[in-house]
Amino acid sequence: YQRRVMGTSLPSTVFNSLTAMEYLDLSQNSLTALSSTVFANQTMLVAMGLAENYLTDIPPGLFASLRRLNAVSFGINSITQIAAGTLSSIPSTMLVLDLSGNNISFIAADMHERWAQVATMLYM
C-alpha cells in the first residue's frame, strides 16, 4: 500500500480500517512527525518505508503492535538522536532497520542492546 499524504502528519487513526496491510510505503512525503499510535492496529505489517521525509525522531512505542515487522526504512530524514526507549518495543522479527542519511549525533546507552538483535542496521 502506497499513500501520498496531504500535510506533514498523519491522524493517529488513519490506518485503523486497514488491519490486513502487510506493506506500507510512506516515503517521499513531507511528514515531520508520527504519533506513537499511528500503526497501532497494523499487526500484519511486514515492511514499512518512511524514507525521504522530514521526520525528526522515532517516537517511543511506535513498534509496539508491529509484531511481524521485519524491515523499516527511516533513511534520509532529519533524525538527530535515538532517545531512550525508542527501540524498546522493536519486534524480534526485525531484520533491517535503515537510518542512513540522517544526522544522528546521539544514541541513548540503552539502545545499543536492542540494536544487537537487528540483522542489518544502516545508520551512516
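Predicted model: local features only at pLDDT ≥ 70, side-chain atom pairs only at ≥ 80, totals over all residues.
## Fold

Helices (H or I, at least four residues) and strands (E, at least two) are DSSP runs, numbered from the N terminus.

## Burial and contacts

The protein has 124 residues, and 43% of them count as buried. Its accessible surface is about 6,100 Å². Carbon and sulfur atoms hold 54% of that surface.

Take the contacts between residues at least 6 apart in sequence: 59% of them join residues at least 24 apart.

## Aromatic pairs

A pair of aromatic rings is described by the distance of the centres and the angle of the planes. The whole structure contains two aromatic pairs.

Phenylalanine 15 sits in the segment before β1 (23-25), and phenylalanine 39 in the loop between β1 and β2 (47-49), so the pair ties together parts 24 residues apart in sequence. Phenylalanine 15 is buried, at 0% relative accessible area. Phenylalanine 39 is buried too, at 1%.

The other pair is phenylalanine 63 with phenylalanine 74. Here the centres are 6.4 Å apart and the planes stand at 90°, so the pair is edge-to-face. Phenylalanine 63 belongs to the loop between β2 and β3 (71-73). Phenylalanine 74 belongs to the loop between β3 and β4 (81-82). The two residues are eleven apart, and their pairing links distant parts of the chain. Both phenylalanine 63 and phenylalanine 74 are buried.

Technical notes. Residues numbered from 1 in each chain as written. Heavy atoms only, no water. Buried < 20%, exposed > 50% of the residue type's maximum accessible area, 1.4 Å probe, protein only. Contact = heavy atoms within 4.5 Å. Areas by Shrake-Rupley, 256 points an atom, 1.4 Å probe, with all protein chains shown as cover. Phe/Tyr/Trp six-rings, centres within 6.5 Å; stacked < 30°, edge-to-face > 60°.
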